[in-house]
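Please view the sequence and the model together while reading.

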Amino acid sequence: MPGGQGGSAVPWWGVASALLANVLYSTGFVLEKRALAGLPALSTRQPVRVVGRLLSSPLWLAGSLALAAGFAAQLAVYRTLPLAAAQGLFVSGLVLLLLLSSAVLGERTSGRERQGIVAILVALVLVIASLQGEDARAVARTAPPATLLLIAVPSLAAGLLLYRSAERRARRRHRLPTAGVPYGVAVGLLYGVSSLAIKGVSGLLAPHDLPAVAGRLLRSPYPYLLLVTGAAGLVLSQTALQRCRASVIVPVCTTVTCVFTVVCGTVAFGEPLPADPLRRALRLGGTAVAVAVLLALPRHDPPVPEPPDGTPESPDEAR
């Protein structure tokens with residue numbers, strides 16, 4: 001295995017693939033957010049129109065291609081690292097996302113959001129410190145379909161209901177503008193299910209026997225879960241991303257996806273945590289820090305101040 005000899009070497013191929021996925025995902029989200037700023041307002045009530053407007057934007061298409069490349073890198077990660085370790089590394093991409101949001105989109109981060117960057121770096125160090133070469137042998141390939149569906153179906157329903165509730169609250173008058181946390185949690189649940197499906201697909205891939213692989217995939221629930229979460233996630237995430245700051249939506253979504261995948265994926269795929277108490281504590285500690293980041297983020301943006309002439313300032317100008 002690259003990175004050294006023996007059972008104690010860190011699986012650097014998996015770490016490098018995870019960091020590459022982070023760069024691609026962060027770049028893709030920022031490009032999409034930049035493109036969304038120039039599109040008419042999107043509505044989840046008109047999903048076909050949403051898709052049509054997205055496909056008409058070359059910049060949005062460039063962002064989606066970056067996300068697709070990140071998906072390919074994620075497949076490599078799940079074949080190399082256990083779910084808990086992989087998700088801890090994926091969360092580290094929040095740092096790059098926040099930096100790009102500030103530099104490219106001009107989004108200002110609050111003090112608590114900057115504290116979150118520091119916390120994510122701590123989580124990254126903890127997870128990498130918990131890795132050893134033997135982790136590659138602990139990677140599960142498939143999950144029992146009944147167990148997977150028992151987790152996925154209620155989670156998808158909860159995500160859709162939460163998003164609908166957030167939409168209702170956002171329409172109320174005299175309410176502080178939402179920072180996007182409820183939207184991020186809802187989409188994070190959808191992408192958590194998608195992450196489990198990606199994990200399952202990665203376990204069935206075998207380049208030497210493509211017809212057999214295709215047959216196994218079609219008989220499994222994984223491609224169908226990807227289809228549902230991909231279609232719903234596209235409309236919901238892009239609508240939320242247009243309304244709220246990327247520096248809030250994406251970190252919340254990523255954190256929820258991470259925690260969901262670690263907890264539910266460990267149950268579904270049966271991947272054991274490290275037997276060594278120190279390594280187990282480091283890995284669980286990294287996940288706990290990720291949860292702390294979610295709890296530290298503000299639920300609302302500050303009220304938009306009015307300029308002296310009484311004309312309300314736009315949210316982008318206020319930032």
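Is Glu-167 buried or exposed? In this predicted model, Glu-167 is buried, with a relative accessible area of 6%, because buried means under 20% relative accessible area.

**The salt bridge**

The structure holds 1 salt bridge. It is formed by the side chains of Glu-167 and Arg-243, at 2.1 Å from N to O. The pair links distant parts of the chain, its members being 76 residues apart. Side chains of opposite charge can pair when their charged atoms come close. The table sets out both partners.

**The contact of two helices**

A further feature involves helix α1 (residues 12-36) and helix α5 (residues 93-104), whose axes come within 9 Å and cross at roughly 30°. Helix α1 is therefore roughly parallel to α5, since angles under 35 degrees count as roughly parallel. The crossing of these helices, α1 and α5, is right-handed.

On the side of α1, the contact is made by Asn-22, Val-23, Ser-26, Thr-27, Phe-29, Val-30 and Arg-34. Helix α5 contributes Gly-93, Leu-96, Leu-97, Leu-100, Ser-101 and Val-104.

Terms used:
Residues are numbered from 1 along each chain as its sequence is written. This is a predicted model: local features need pLDDT of at least 70, side-chain atom pairs count only at pLDDT 80 or more; totals for chains, interfaces and linings use all residues. Side-chain values use heavy atoms; hydrogens and water are left out. A salt bridge is a side-chain nitrogen of Lys or Arg within 4 Å of a carboxyl oxygen of Asp or Glu. Helices (H or I, at least four residues) and strands (E, at least two) are DSSP runs, numbered from the N terminus. Buried means under 20% relative accessible area, exposed over 50%, partly exposed in between (1.4 Å probe, protein chains only). Axes are lines fitted to C-alpha atoms, for helices over the stretch in contact, and angles run from 0 to 180 degrees between N-to-C directions. Angles under 35 degrees count as roughly parallel, over 145 as roughly antiparallel, 65 to 115 as roughly perpendicular and the rest as oblique. A crossing is left-handed if the near helix is turned anticlockwise from the far one by less than a right angle, and right-handed if clockwise. Contact means heavy atoms within 4.5 Å.
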